[in-house]
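This report looks at how the parts of one protein model are packed together. Please keep the sequence and the 3D view open while reading.

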Amino acid sequence: MRTIRFRLHFVAFVALGLTAFFGYKVWVGRASMTSLQALSAESLTVKAFVLSLEGDLKTPQKAQLQLWGATLQPEQRREAITGLLNAYNGKDQGLIRKRKNLVVETETLVFDQSDRVARGLWKEFEVQTGVAIVSSFFGLISIVLIVRRRVFKPLDRLSRRMRDFLVDRYSFQFSQPEANEFGDLQRTFNSLAQRVINTMDELKSLDQAKSEFLNIASHELRTPLTSIKGSLSLLDSGVMGHIDPNCMRLIKIAEVETDRLIRLINDLLDLAKIEAGRLPLACSWISWEEMISKTAEGLTGLAHKASVRIKVESSPGLEVFMDRDRIQQVLTNLISNAIKFSPEGSWVHVMIGKTPGGELIVTVKDQGPGIQPEDRALIFQKFRQGANPESPLVKGTGLGLAIAKALVVEHGGEIGVQSEVGQGSSFWFTLPKWRDDESSSEDPDHAPHEKAA
C-alpha cells in the first residue's frame, strides 16, 4: 500500500474521477442552459409576433400560429395560441384582444421562468466548472509532489551514493530503506556494493600475496642463479683448463639462458615494485645527448650481431628532469626490440622532438615487419607480445614494454606506438620536464618546459 506506483495510481484515479464527475455535471448544465436559452428566445419571438398582428390574419401568419399551436411546450402555451386562432376565426375583436393579452402574459411568464432557471443553472455551472478545474489542478500538483518526493529525491540520494562509490567514498551508514520500489533498488545496490568491496578486498589480499611471493621467489632464485652464472663464467674463461669445444658450446648456451633467467627475475621484481608503488625515482637534470649516446653505445654489439645500424638524432644542450637509469632502461628496451625485429642492413632511428603541448617526445623507429592492429593495444600488457606468421615471437619475457610503460607513466609521460604492417614501427614516449641551454643557465632547479596540470 505504500508503493510509489500505488500512490500515483490512487491520486490519478481520484483526480480523474472528480474531474470526470464534475465535467459530466458541467456538460449536463451547459445542455440545460442551452435549452433554456432557446426557450427564452422562442418566447420572445412568439411574443413579438403576436404583438405585431393587426387586422385580419394573412396566410403565412395563420400558418405560423398553427405551427406553434401544435409544437409549443408546455401545453399552456399551445392552448393560448389555439385560443387566439379561434378568436381570429370568429372575428370577435374584443375576444382577439383578450386572447392576445393572454398569449403575451403566458410568454412573459415562460420567459421569466426560463430566465430565472437559467441564472440558477449558470451559478451552478460556474461552481461545477471551478470544482472540476480545482480537482484537476489538485491531482496534477499531488502527482508532481509525489514524484518529486518519492522519485527524484530518493533517486538523487542513490545517485550520490553511486558517485561516492565510484570515487572510493562509499559508506555503509544507510537509513532503513523504505518499503517501495526505490527501497528495493537501494537494498540491491547495498548488496552489490558490499559484494564488490569484498571482492576488491580479496583481490588486494591476493595481489599482496602475489607480490610477496614474487619477491621471495625472485630473491631465492637470484642467489643460486648468481652462483651458477659465476661458475659458468669461470668455465668459459678457461680457469679449469682446456674444455672440449662441444662442452664449451653447451656452457655458452647455459650461460645465455642463465642471463635470460636473471633478466626475467629482475623484470618481475621491478614490475612488482612499480605496482606496489615502492619504486622511487631519483630524478635530476640529465644531459640527453650524453645519456642517449651511452645507451646507443651499449647496444652496438647487439646491433652489429643483427647487422643493423643505430642512428641517433643530435640534441646538444638539451637537459631532461628524469631518473637516468630508469629512462635508460626504457630506451634500451625500445631500441633492443627495434634491433630484434629489424631486417639485416636496415637502420634504427632514435629521434627527439616536441609535442604541440610542449612536452619532449622520443621516437624509436625501425624498418621491421610492423605490428598487427589488434596487437598494438596488447603489447604494453604483461607477458604479451605481438606476433604473426611473418613475424614470429622473439625470445623475451613479455615484460619489457609493460615495465617501460610503467616507468614513463611514473615520470608523468605517455607511451605508444604507430605502426603499419610491412612498413615498420615507431615507438614513442613523452617526458614533460626539459630545458635547453638558455633556460638552464638561468636557474638550475627550474623546469621551464613542463606540462600544465
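## Helices H9 and H10

In this predicted model, Arg326, Gln329, Val330, Asn333, Leu334 and Asn337 of helix H9 are in contact (heavy atoms within 4.5 Å) with Gly400, Leu401, Ile403, Ala404, Leu407 and Val408 of helix H10. Sorted by class, the residues of this contact are seven nonpolar, four polar and one charged, where Gly counts as polar.

H9 spans residues 324-341 and H10 residues 400-410, and their axes, which come within 9 Å, cross at roughly 145 degrees; the axes are lines fitted to C-alpha atoms over the stretch in contact, with angles running from 0 to 180 degrees between N-to-C directions.

## An antiparallel sheet

Three strands make up an open, antiparallel sheet in the order S1-S3-S8, with S1 (284-287) and S8 (434-435) as the edge strands. Strand S3 (residues 319-322) pairs with S8 over two bridges, pairing being assigned if DSSP finds at least two, and Val320 has Trp434 as its bridge partner in S8. Helix H7 (residues 288-298) packs on this sheet, where it touches S1 and S3, and its direction makes about 65 degrees with that of S1.

## The chain overall

The protein chain holds 11 helices and eight strands, which are DSSP runs of at least four residues (H or I) and at least two (E), respectively. Of its 453 residues, 34% count as buried, that is, under 20% relative accessible area with a 1.4 Å probe.

## Basis of the values

Residues are numbered from 1 along each chain as its sequence is written. Local features need pLDDT of at least 70 and side-chain atom pairs 80 or more, while totals for chains, interfaces and linings use all residues, and side-chain values use heavy atoms, leaving out hydrogens and water.

Terms used. Buried < 20%, exposed > 50% of the residue type's maximum accessible area, 1.4 Å probe, protein only.
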